[in-house]
Amino acid sequence: MTDSAARTVTGASIRLDGVVKHYRGQDKPAVKKLDLDITAGDIVAFVGPSGCGKTTTLKMINRLIEPTEGRILIGERDVTGENPDTLRQSVGYVIQSGGLFPHWSVARNVGAIPRVLGWDTKRIAERTDYLLDLVGLDPAVFRDRLPKDMSGGQQQRVGVARALAADPPVLLMDEPFGAVDPITRLRLQDELIAIQHELGKTIVIVTHDFEEATKLGDKVLVLSEGGHVEQYATPAEILADPATPFVSEFVGSGATLAHLTLSRVKDVEHDAVVIARVGDSSDEVIGRAMAAGATWVVVVDDDGRGLSWPSLDEVATKPRVSDYVDARLPTVAPSSTLNDALDTMLAASQGGVLVTDGRGAVTGALTIATVMAVIRDQLSDARADGSTYVAHAAGEQA
Ligand code: ADP
Ligand code: MG
């Protein structure tokens, strides 16, 4: 990331040094020989087809799977000789669906490792509330819930809170967002980026989705069968210059869309929104909106978080702004990609999305027209590049 200098880094570097995994009873090694350096505080996404060795590699880092050969270092520590239980207390691990114990409350799940580490009750409770808030769950509402009474996205948030409980320098995630619906998935990705910016952990995330990898990864590791490194580079480098035919093909038809994942909501100009509060006079709000040329207003709570996004016609049906809460309010974060924004818009009726800051307060809106204009620009830039290339090639021939 270009802004890494400005970020807090509490993560540790990870180094894989000639790591091999040969499962018993298998002819070919699952991971042939892997060398890899991960910078402290980066998010690195492992991506590649099913069976290429992503999970095996990830699980060797916390020794859920023992390497057959090679060394793994976290920071300066060679963890290949370390007690695996101790190691796992210092490496957070998140799996699909959160991997929570269904009969334990959220608080008990989150506090599992701190309890093993012998923290006192008060410290565990404070840490649990801090982490629930960090992952966007109100502690008062959720700390005593059972995972089985929560949505997939909420369980996944608790899974992340639990993995962070003992403040580990490294977080490993194996297809963490594979089991949630597409819109929740986008939100969870944005939340992970926000958490990463706040905490500066080193995060390794396995995915089979190239778009997810380019969105989340400071660097992306493209693997082929046998844990073979096809390319290890930033998303922009991989898209601009695939190292091998395998990478080109893997990136393939998704390339145009993946380019859209390189443009973030924060990189484009947002439209101003007209803000209203519950109980405001409808006439006053409509007057303000008309003066601003707006046909919609955003109703927010005391923290500036969006409650609803009614049209002026809807506002006009009541004398005062109603306290209606739209559970499907389309929102995106500054770190969301334009592709996410487009997906979110297409699922909404307002023809746009609200942009929120790190704490969820509404700061503006993006319309389909804005996003389409950016896409058009990018496509014409891409075409211009193409024609330069053709002209150049023709020039060489002449
Ligand atoms: P990925 O996560 O990329 O889909 P895996 O790391 O799970 O790939 O698997 C890599 C290869 O190792 C596959 O060929 C898989 O069948 C094999 N494999 C994975 N786990 C085991 C195991 N416990 N025993 C034997 N072979 C395994
Ligand atoms: Mg896997």
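**Cavities and their linings**

Helix H8 (182–199) gives the largest share of the lining of the second largest cavity, 4 residues. Helices (H or I, at least four residues) and strands (E, at least two) are DSSP runs, numbered from the N terminus. The model is predicted: local features need pLDDT of at least 70, side-chain atom pairs count only at pLDDT 80 or more, and totals for chains, interfaces and linings use all residues. Residues are numbered from 1 along each chain as its sequence is written.

User: How many cavities of 30 Å³ or more does the structure hold?

Analyst: A cavity is a set of points on a 1 Å grid over the protein atoms alone where a 1.4 Å probe fits but cannot get out; lining residues have an atom within 4 Å of a point. Grid points are joined across faces, edges and corners, and a volume is the space filled by probe spheres set on the points. Here there are 2 such cavities.

User: Which residues line the second largest cavity?

Analyst: Ile183, Leu186, Arg187, Asp190, Thr331, Val332, Ser336 and Thr344. Domain 1 (14–252) and domain 2 (267–372) each give at least three residues; domain bounds come from an automatic or database assignment.

User: What lines the largest cavity?

Analyst: Its lining includes Val135, Phe177 and Leu188. H8 again gives the largest share, 4 residues.

Conventions. Chains are lettered from A and ligands numbered from 1 in the order in which they are written. Side-chain values use heavy atoms; hydrogens and water are left out. On a 1 Å grid over the protein atoms alone, a cavity is a set of points where a 1.4 Å probe fits but cannot get out, and a pocket is an open set with protein on both sides within 12 Å along at least five of seven lines; lining residues have an atom within 4 Å of a point.
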